[in-house]
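I opened a new structure today and kept notes as I went. Here is what I looked up, entry by entry.

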Amino acid sequence: MLITVLITIVSVGILSTLVYLVSTVRSLKDRLETLALEMVDFHTYVDNQEVNHAREHDRFSDDVDLRFDRVPRKVGKNQEEVYQNLERLENKLPDTIRTVIGHIEFARPLDNKK
């Protein structure tokens, strides 16, 4: 009878330990599944961030390329305007000089007190 009681006590202890271990394993399994889902969510978030960053970089790069492509055209246009203005000045300069010399040659002195 004593042996039966001891075996019962030992078996109850082993069973309670096994139940505790099973519940611990189940909770660890649930935690592991939760962490796996969170890790998948995190990777999805990081991937989306990388894609968004790549898109923003591409947009910025395209915008910069467009702006730098416009610079030579604008410089060329401004350069053409400067050259046209210089040509106009070169063409008008002799006439302006003739006009000024004509005024000087035929002008009367303003202080004609004699």
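**Salt bridges**

I searched the whole structure and found 2 salt bridges. I note here that the model is a predicted one.

I took the pair of arginine 67 and aspartate 63 to begin with. Their closest N and O atoms lie 3.3 Å apart, and the two residues form a salt bridge. I then asked how many residues separate arginine 67 and aspartate 63 in helix H1. They are 4 residues apart in this helix, which runs over residues 2-106, so about one helical turn separates them. I looked up the exposure of each partner. Arginine 67 counts as exposed, because its relative accessibility is 53% and the cut-off for exposed is over 50%. Aspartate 63 has 33% relative accessibility, so I list aspartate 63 as partly exposed.

I went on to aspartate 95 and arginine 98. They form a salt bridge too, with 2.8 Å between the closest N and O atoms. This pair also sits in helix H1, 3 residues apart, which means a separation of about one helical turn. Is aspartate 95 exposed or partly exposed? Aspartate 95 is partly exposed, at a relative accessible area of 44%. Arginine 98 has 56% and is exposed.

**A nonpolar patch**

Next I looked for nonpolar side chains on the surface. I found a patch formed by Val10, Ile14, Leu15, Leu18, Tyr20 and Leu21. Together they have about 600 Å² of accessible area. I checked one member, valine 10. Valine 10 is in helix H1. Its relative accessibility is 49%, so valine 10 counts as partly exposed.

**The whole chain**

I counted the elements: the chain has 1 helix and 0 strands. Then I looked up the overall dimensions. Along the principal axes, the C-alpha atoms fill a box of roughly 160 × 35 × 10 Å. The radius of gyration is 48 Å, whereas a compact globule of 114 residues would have one near 13 Å.

What percentage of the 114 residues is buried? I noted 0%. Buried requires under 20% relative accessible area. The chain exposes about 11,300 Å². Carbon and sulfur atoms supply 63% of that area.

**Charges**

My last entry is on charge. I noted 16 positive and 19 negative side chains in the chain. The centres of the two sets are 10 Å apart.

Key: Residues are numbered from 1 along each chain as its sequence is written. This is a predicted model: local features need pLDDT of at least 70, side-chain atom pairs count only at pLDDT 80 or more; totals for chains, interfaces and linings use all residues. Side-chain values use heavy atoms; hydrogens and water are left out. A salt bridge is a side-chain nitrogen of Lys or Arg within 4 Å of a carboxyl oxygen of Asp or Glu. Helices (H or I, at least four residues) and strands (E, at least two) are DSSP runs, numbered from the N terminus. Buried means under 20% relative accessible area, exposed over 50%, partly exposed in between (1.4 Å probe, protein chains only). Patches are made of residues with over 30% relative accessible area and no salt bridge: like charges are joined within 9 Å, nonpolar side chains (Val, Leu, Ile, Met, Phe, Trp, Tyr) within 5 Å. Accessible areas come from the Shrake-Rupley method with a 1.4 Å probe; for residues, only the protein chains shown count as cover. The radius of gyration is taken over C-alpha atoms; the globule rule is 2.2 Å times the number of residues to the power 0.38. Lys and Arg count as positive and Asp and Glu as negative; His and the chain ends are not counted. The place of a charge is taken as NZ of Lys, CZ of Arg, CG of Asp or CD of Glu.
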